[in-house]
Amino acid sequence: MGLAGGPTGPKAVFRDKFTGSFCKFEKLKNLTSTLGIERRQVLVVVDGNVLAMGAPSSITTFSGFVTYFSMQISGAIEAGSHVVVVWDEPNSVTKAKKEEQSARDARRAAVVPVTSSDMQRAPQTDDYTTSDLLDPDLNIRDVIGCRASRARFHDQLCVATMRYVRTHITPGEWSLTFDGVDGRGADRPLGVKREAGVLSSDPQFWEPLLSRVTPIGEGDLKLSDVPARVHQKKLERSGSPVDDVTTNLLWTIDTDSIPIELINQARRAGREDEEDADEHTFLCFREPTRKRRDEEPTPAHFLCCDMAALYGDVMTYMYGSKYYQRLPGERMMATALLAAGLAACGCDFVAIEGLRCDLILPCVRDVVRTKPEALQTIKGVFGNDAHELHKGADALQQVLNSYQESLIGQPRMQRATDKASKATQGQMLRVLWTASYWCGYEYTDTLNWGFSD
């Protein structure tokens with residue numbers, strides 16, 4: 001999932017407006033080669049859910065999935081010495097995400113044809129074994145399509161991929177780690193609770209590094225958490241395997257990574273120590289092959305976004321070429337307000353009808369430049385004080401006011417103006433909750449933030 005898509009969605013708008021921050025590469029190793037860096041300097045973090053769901057529709061068997069998945073992971077290892085594949089942890093996702101997932105499952109159930117029970121071959125629960133997955137008559141997509149059976153499949157996919165990679169890649173300076181899986185795979189005894197953890201080719205290093213007191217339910221947030229842990233370990237200069245890592249490649253398709261990583265880049269931009277600042281992040285969106293009538297097909301590729309460059313472009317847009325003279329805290333709040341604005345345009349957790357990314361950008365800029373008092377109210381997203389977070393509604397309202405004013409007199413925009421003017425308190429609370437969640441602060445009392453309990 002992610003933010004709103006299409007030509008007015010954030011990815012398309014940012015790519016058009018901040019062109020210099022984006023570039024295409026057929027393979028990730030082409031990016032690192034262009035950067036002139038060595039594999040030992042590169043950490044690749046892959047969204048496992050995205051990678052699994054992106055398998056060609058022609059692949060319907062478990063062995064086919066293993067081959068596909070293993071080849072993709074091998075490509076990541078060619079780009080960086082350290083590859084971490086992150087997964088959602090269903091038992092730890094936020095209540096707000098569960099609400100969104102339930103709605104999505106209900107929509108899917110409405111279009112899935114009902115079949116006789118004696119025609120149902122795919123397991124629809126967690127109770128199945130490796131031999132069931134290897135059934136040649138099983139369409140593995142029926143397993144993936146059911147949330148109750150999906151996690152065990154992911155576990156076995158990772159076990160089989162680890163075995164494949166170890167067999168086919170020459171031992172050397174590389175590591176492969178799966179974050180958020182049960183290493184027993186589909187051999188976990190039936191009825192035994194799944195235990196999400198770390199499966200790694202170098203367990204002595206990666207298991208303690210990725211051990212968390214509070215589990216992270218969403219892979220999107222792990223895309224940021226893993227590089228943060230690696231960077232912190234690197235600063236210790238303890239002779240660890242990641243001491244040379246300077247570059248993070250984040251492989252995903254979920255566009256909510258754009259505001260999340262902009263916030264993280266704002267944090268990095270505030271670092272003063274030279275060694276602490278030695279960290280470079282690229283968002284790598286996997287783009288599928290596209291075929292258009294009467295045109296040559298566009299082959300699959302990575303659309304890579306240099307987050308340092310994008311952050312600089314966004315800040316220049318907000319403040320002008322001398323944006324760096326602004327205090328880091330002020331730039332952080334401007335970035336957070338932008339993230340909130342993007343969330344309001346539509347994401348997994350909230351959508352205010354009538355808002356569009358391409359039209360809201362200048363409105364965020366207007367508030368950032370002309371209403372510093374209102375901008376200050378958004379700082380509550382960077383903490384666990386609910387009272388402070390509520391104050392951010394002032395900054396959001398100023399953005400909505402600017403948005404409505406900017407549409408006055410524009411043809412065919414009256415309906416959008418009317419819809420935007422009807423934003424509810426519950427929607428505003430959801431936007432604030434989402435922005436704070438993207439900043440790394442989760443409020444578990446979601447009922448108080450506009451969500452159902």
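So, let's start with a pair of helices: α10 and α11 run roughly parallel to each other, a label given to angles under 35 degrees, while over 145 is roughly antiparallel, 65 to 115 roughly perpendicular and the rest oblique. Quick note before I go on: this is a predicted model, where local features need pLDDT of at least 70 and side-chain atom pairs count only at pLDDT 80 or more, while totals for chains, interfaces and linings use all residues. Residues are numbered from 1 along each chain as its sequence is written, and side-chain values use heavy atoms, with hydrogens and water left out.

Back to our pair. Two packed helices are described by the angle between their axes and the distance between the axes. Here, helix α10 (residues 219-235) and helix α11 (residues 257-269) pack at about 25°, and their axes are 10 Å apart. Who makes the contact (heavy atoms within 4.5 Å)? From α10 we have L221, L223 and S224, and from α11 we have S257, I260, E261 and N264. By the way, helices here are DSSP runs of H or I with at least four residues, strands are E runs of at least two, and both are numbered from the N terminus.

Skipping neighbours within four places in sequence, D47 is in contact with V86, D220, L223, W251, T252 and D254. Is D47 buried or exposed? D47 counts as buried because its relative accessibility is 2%; buried means under 20% relative accessible area, exposed over 50%, and partly exposed in between, with a 1.4 Å probe and protein chains only. A polar atom of the D47 side chain also lies 3.1 Å from the backbone nitrogen of N49.

Next up, α12, residues 307-319. This helix has 13 residues and reaches 18 Å from its first C-alpha to its last, close to the 18 Å expected, which is 1.5 Å times one less than the number of residues. At its start, a side-chain oxygen of D306 comes to within 3.1 Å of the backbone nitrogen of A308. Among the buried residues of α12 are M307, L310, Y311 and Y319.

Last, two arginines. R237, in the loop between α10 and β6 (247-252), has a positive phi near 50° without being a glycine. R412, in the loop between α17 (393-407) and α18 (414-420), has a positive phi too, near 65°. As for accessibility, R237 is partly exposed at 43%, and R412 is exposed at 80%.

Notes. A polar contact is a pair of N or O atoms within 3.5 Å; within protein, one must be able to donate a hydrogen and the other to accept it, and residues adjacent in sequence count only if both atoms are side-chain atoms. Axes are lines fitted to C-alpha atoms, for helices over the stretch in contact, and angles run from 0 to 180 degrees between N-to-C directions. Contact means heavy atoms within 4.5 Å.
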